[in-house]
Structure formats: structure tokens, C-alpha cells
Amino acid sequence: MTPPSVHPAQRLVDLGFGFILSGALATAAELGVADHLEQGPKSAARLAEDVGADAAALYRVLRLLASEGVFSEDADGNFALTPASDLLRTQAPGSLRSAVLMLTQDIFWAPTGALTQTVRTGTNAFERIFGKTFFDHLASNAAAGATFHRGMSSLSDLEDGPIARSYDFSACRQVVDVGGGHGGFLIEVLRTSPSLRGELFDHRHVLDEARIASAGLSERCELVEGDFFQTVPSGADTYVLKRILHDWSDAVCVDILRHCRRAMAEGGRVLVVDTVIPPGSAPHGGKVLDVMMLASLPGGRERTEEDFRKLFAQAGLRLSRVIPTPAALSITEAVAA
């Protein structure tokens, strides 16, 4: 049965109240409510004792989240896990608790509160609010940086396997994961083809926490220290940029792509793994993420296929195809022009 359409006025009101839901979700995640429901339903009073909260206030937050299907509430006022809140458990396979804490921290909501100024001036408010640019703030604020990196790892763990399996790496010889972090995506790529070799390229402090050895892939993968703003390892036939270009302006992206173009072997390719915003006005997660980037990262943006085509052309590359994946990201492949 098709649900009745929401009245336009109610739709606007619901959108305006969206930040309340985000705050409630963040509260449940931070308090670890889902962890305390692993053994079965509990009342808000019992949960309040477990998590160190006011029972009446906690009940009101959980009641709201239950109305959205995040938890369930029975006739006796006991709350239980649902498939959604099960993913808020810290030890749940594919847990998204860290991702929720990342997405609802002040590095995103505070600049979004100043979005009108950003739209008027074309300059986002992040540096005015925090005193530093986005990545400088994360580097200097240990708590914010840890929350961000844990959240990004959580999202990556959910998507890395499906994305890697969406591309045929069997014809590739050497893959460089540019700015590849702890190596989660490269591990999944290497698992697709036993003959494939890899290089995980990032800063030393990032590589110190690489997962390559624990995945049993040290013999097939080298850790290479460096800065993709300056150069990338040479001689590989495949260069991966996953969730890299969307952080930067077109000019910076062209420089990064030029480094890859100069370094890649003959017949090589660059694989950009980012959202590709489709034409039209249909809902798409990339459109939400794009406004987040507008608010918090100067120059950061999500791009359309045509946007990527133009970036590649300026870097001496040619867009060859866009490959959808089961995740929100697509694989945009470029070859030498």
C-alpha cells in the first residue's frame, strides 16, 4: 500500500526539525544505550542507571527515536534493539556508532549553522568558528581527530568490500592507494586478485596504524610514506583515489591527478572513488554530502560526471567510464588522454 503523501507544510516543518533527530541519535550513541540493550529490553529508568543519565530525560529521547524505528518501545515502556539500533552497538559487525558520532560532532553542525553566510559570501565559516582550517583543526585537536578518523574507518569498513568487488582488477598489476589511510580499501582490492600487488601511500603517522600486516598481506603490499600534494609512487598501472578529491578545490584536484598521470605506467588508469551526483532533482546522498562539504571544507565538493570529465582533461586524462557500486560511491575511471 502506498503511504499517503505528506502535506507540503508538514514536509517543511519535518525538515526544519531534522537537527533534533540528529541530536537525539548522537545522544543515544554517545551514552552507549544500544550496548546496554544487548541482553534484552529495559526501561528508561534501568537504562538511566546503566549509562548515568536522568531517567525522565532519557525516556523522552528514546521515545522519539523509537518513533523513527531506531529503537522499539513496548506497552510497558521497555525499550529494545531494532535492526537500526543494533548497528549502534560498539561490537556489532559493521557497527556505525563511530560514524554517527563523527557525523554529529560540531565540526559539521556548527559550520552548517552558518550556512547562510557561506552562501552569501562563497566562503565557509569553519576557520572563523574553530580558528583553523578543517584538517589543521583535526590535527591539533586529538579528541576531534580521533572521532573523525574512527568514524571514517567505520564507514569505510562498511563499503570497502562491495566497492572493491565492483571493479575487475584481474588485469591490473600494481595498485597504489593514494592517501589510503590504514589500508582497508587496498586490503579488499588485493583480495580480489591473488596476483595483484599494492602500495599504501600516506603520511608516516597514518601508516603506523596500517592494517596490511594483520590482514596477512605484507608480502604483496608495501607501505610508502609521502605527500600526494607533492608526488605519488611511480610505475604502477592503477592509482586509486578514494574519498580524496571531494575534500579539495578543482585546482588542487587537478594537481593531484597530474601527479598520478605522470607517475602511472603506459596503459595505466586512475580510479576515483567518490560520489557522482546524477542529473535531475531526485534524492541522492551525494547532494547532502555536497552541502556538508560546502559548510565545512573550503573548496570541498561532490561532483557530477561532467565535473570529473573536466578535471581529468586538465590533468591529461580522459574519463573512460563510471561504474556504480552497491555503496553511495561510484568508481570513475580515467586513462591517458
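Figure 1. Asparagine 124 counts as buried because its relative accessibility is 13%, where buried means under 20% relative accessible area, exposed over 50%, and partly exposed in between (1.4 Å probe, protein chains only). The model is predicted: local features need pLDDT of at least 70, side-chain atom pairs count only at pLDDT 80 or more, and totals for chains, interfaces and linings use all residues. Residues are numbered from 1 along each chain as its sequence is written, and side-chain values use heavy atoms, with hydrogens and water left out. Asparagine 124 is located in the loop between α8 (115-121) and α9 (126-130); helices (H or I, at least four residues) and strands (E, at least two) are DSSP runs, numbered from the N terminus. Leaving aside residues up to four places away in sequence, asparagine 124 touches Thr118, Met293, Leu294, Ala295, Ser296, Leu297 and Pro298, contact meaning heavy atoms within 4.5 Å.

Figure 2. Seven strands make up an open sheet with mixed pairing, in the order β6-β5-β4-β7-β8-β12-β11; two strands pair if DSSP finds at least two bridges between them. At the edges are β6 (221-225) and β11 (317-324), each of which pairs on one side only. Neighbouring strands of this sheet are turned by 20° against each other on average, direction ignored. Strands of a sheet pair through backbone hydrogen bonds, either parallel or antiparallel. Strand β5 (residues 197-202) and β6 run parallel and are joined by five bridges. Within β6, valine 224 is the bridge partner of phenylalanine 201.

**Figure 3. Helices lying on the sheet.** Helix α12 (residues 184-191) lies across β4 (174-178), β5, β6 and β7 (238-242), and runs at about 170° to β5. Helix α14 (residues 250-263) also packs on the sheet, where it touches β4, β7, β8 (269-274), β11 and β12 (330-336). The direction of α14 makes about 165° with that of β7. Axes are lines fitted to C-alpha atoms, for helices over the stretch in contact, and angles run from 0 to 180 degrees between N-to-C directions.

Figure 4. Six of the six residues of β8 are buried. In a regular strand the side chains alternate between the two faces of the sheet. Both faces of β8 are covered, with Arg269, Leu271 and Val273 buried on one side and Val270, Val272 and Asp274 buried on the other. Strands β7 and β8 run parallel, with five bridges joining them. Valine 273 in β8 is the bridge partner of lysine 242.

Figure 5. Glu159, Asp160, Lys242 and Arg243 are linked in a network of salt bridges, each defined as a side-chain nitrogen of Lys or Arg within 4 Å of a carboxyl oxygen of Asp or Glu. The structure holds 17 salt bridges. In the pair of glutamate 159 and arginine 243, the closest N and O atoms are 2.9 Å apart. Glutamate 159 belongs to helix α11 (residues 142-164) and arginine 243 to the loop between β7 and α14, so this pair ties together parts that are 84 residues apart in sequence. Glutamate 159 is buried, with a relative accessible area of 7%, and arginine 243 is buried, with a relative accessible area of 15%. Aspartate 160 forms a salt bridge with lysine 242, their closest N and O atoms being 3.2 Å apart. This pair links helix α11, which holds aspartate 160, to strand β7, which holds lysine 242, 82 residues apart. Aspartate 160 and lysine 242 are both buried.

Figure 6. Arginine 321 forms a salt bridge with glutamate 333, with 2.9 Å between the closest N and O atoms. Arginine 321 is in strand β11 and glutamate 333 in strand β12, twelve residues apart. Arginine 321 is partly exposed, with a relative accessible area of 40%, whereas glutamate 333 counts as buried at 7% relative accessibility.

**Figure 7. Packing of helices α2 and α4.** Two packed helices are described by the angle between their axes and the distance between the axes. Helix α2 (residues 18-31) and α4 pack at an angle of about 115°, their axes being 10 Å apart. In α2, Ile20, Leu21, Ala24, Leu25, Ala28 and Leu31 meet Leu58, Val61, Leu64 and Leu65 in α4. Alanine 56 is placed in helix α4 (residues 55-67) and counts as exposed at 51% relative accessibility. The C-alpha atoms of alanine 56 and alanine 44 are separated by 7.5 Å, the two residues being twelve apart along the chain.
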